[in-house]
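Hi everyone, thanks for coming. Let me put the structure up on the screen, and then we can walk through a few of its parts together.

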Amino acid sequence: MARAGAPLRIAAIDWAMLETLCALGLTPVAATELIQFRSDAVEPDLPADVVDLGLRGSPNFELLHLLRPDLILISPFYVRHEAALGRIAPLFSLPFYVRGEPPFEKALAAVKALGERLGRSDRAEALLKEIVGEIEGFRQTLAPFANRSTYIVNIGDARHVRVFGFDSMFGDMLARLGLPNAWTDRSRFTFAAPVSIENLAADPDARIVIVSEVPVEARSGLRNSIIWNSLEPVRKGRVIQLANVNPYGGVTAGLRFARLFAEAMLAGDRRG
């Protein structure tokens, strides 16, 4: 039990919940895969003294027990661990990603729900207003670019991409920014990149936005790929590369994508 008046010791297993906690101005005592998080998500910038609990799929229960958290943040992805985690501390679980449903509204709801759970409702309310204002600002900035659809992808290898539809964080944000998504199918939530590159030929007038670094082993293959180089957006120079963003994050990831996208579009003035 937390001491009266002492701050809660919170551990975060799920990255979207970790982002939400930090957005509310709180820092966890522990979280999972921190080296990968700092590389893939980048934001928020976590202090060095946050303890790394190991893999999200198999966290270090013994270490977590020794840390004596007052609360553990998870999502429905970790239902198989609920019994083990619940023996260590109370759990707070919120959904973010449901197949076929845009996730950003759930991320906003998570801010409100976690704020209420932690006695930070005022901070949550102020944060939600800030987020709405930021999105509206980006929407106005990007209005001149709304005449062209956009493919949003991660590169898997020289032949495959992960494409983000309306039920992804990036696809949902694209819609909120007022830009059409060239990928009309649902996202395929998998750690593999299951879509062949030639599928991006379906909308030759689109732009292609590559989110996050291209794997080293794919770079030379992509440069020399006949299929990739024959795509109209590639031939016309309508390809944009963004820095790393967590594709399975919360409000922080959504806003980071929006900001990086807006900056890249303005820097290249890519209306054509």
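Let's start with Glu 101, which counts as partly exposed, at 35% relative accessibility. On that scale, buried means under 20% relative accessible area, exposed means over 50%, and partly exposed is in between, with a 1.4 Å probe and protein chains only. Before I go on, please keep in mind that this is a predicted model: local features need pLDDT of at least 70, side-chain atom pairs count only at pLDDT 80 or more, and totals for chains, interfaces and linings use all residues. Residues are numbered from 1 along each chain as its sequence is written, and side-chain values use heavy atoms, with hydrogens and water left out.

So what does Glu 101 pair with in a salt bridge? Its partner is Lys 106, at 2.6 Å from N to O. By salt bridge I mean a side-chain nitrogen of Lys or Arg within 4 Å of a carboxyl oxygen of Asp or Glu. Side chains of opposite charge can pair when their charged atoms come close. The structure holds 10 salt bridges, and I'll show you a few others.

Have a look at helix α6, residues 121–142, where Glu 125 and Lys 129 sit 4 residues apart, about one turn of the helix. Their side chains form a salt bridge of 3.8 Å, N to O. Glu 125 is partly exposed at 45%, while Lys 129 is exposed at 58%.

Helix α10, residues 232–235, has a pair of its own: Glu 232 and Arg 235 are 3 residues apart, again about one helical turn. The closest N and O atoms of their salt bridge are 2.5 Å apart. Arg 235 is exposed, with a relative accessible area of 53%, and Glu 232 is partly exposed at 26%.

There is also a network of salt bridges that links Glu 43, Arg 256 and Arg 259.

Now, the sheet. Helices (H or I, at least four residues) and strands (E, at least two) are DSSP runs, numbered from the N terminus. Five strands make an open sheet with parallel pairing, in the order β3-β2-β1-β4-β5; two strands pair if DSSP finds at least two bridges between them. Strands β3 (51–52) and β5 (91–93) are at the edges with a single partner strand each, so one side of each has no neighbour in the sheet.

Further in, β1 (residues 10–12) and β2 (residues 30–31) are parallel partners over 2 bridges, and Ala 12 has Ala 31 in β2 as its bridge partner.
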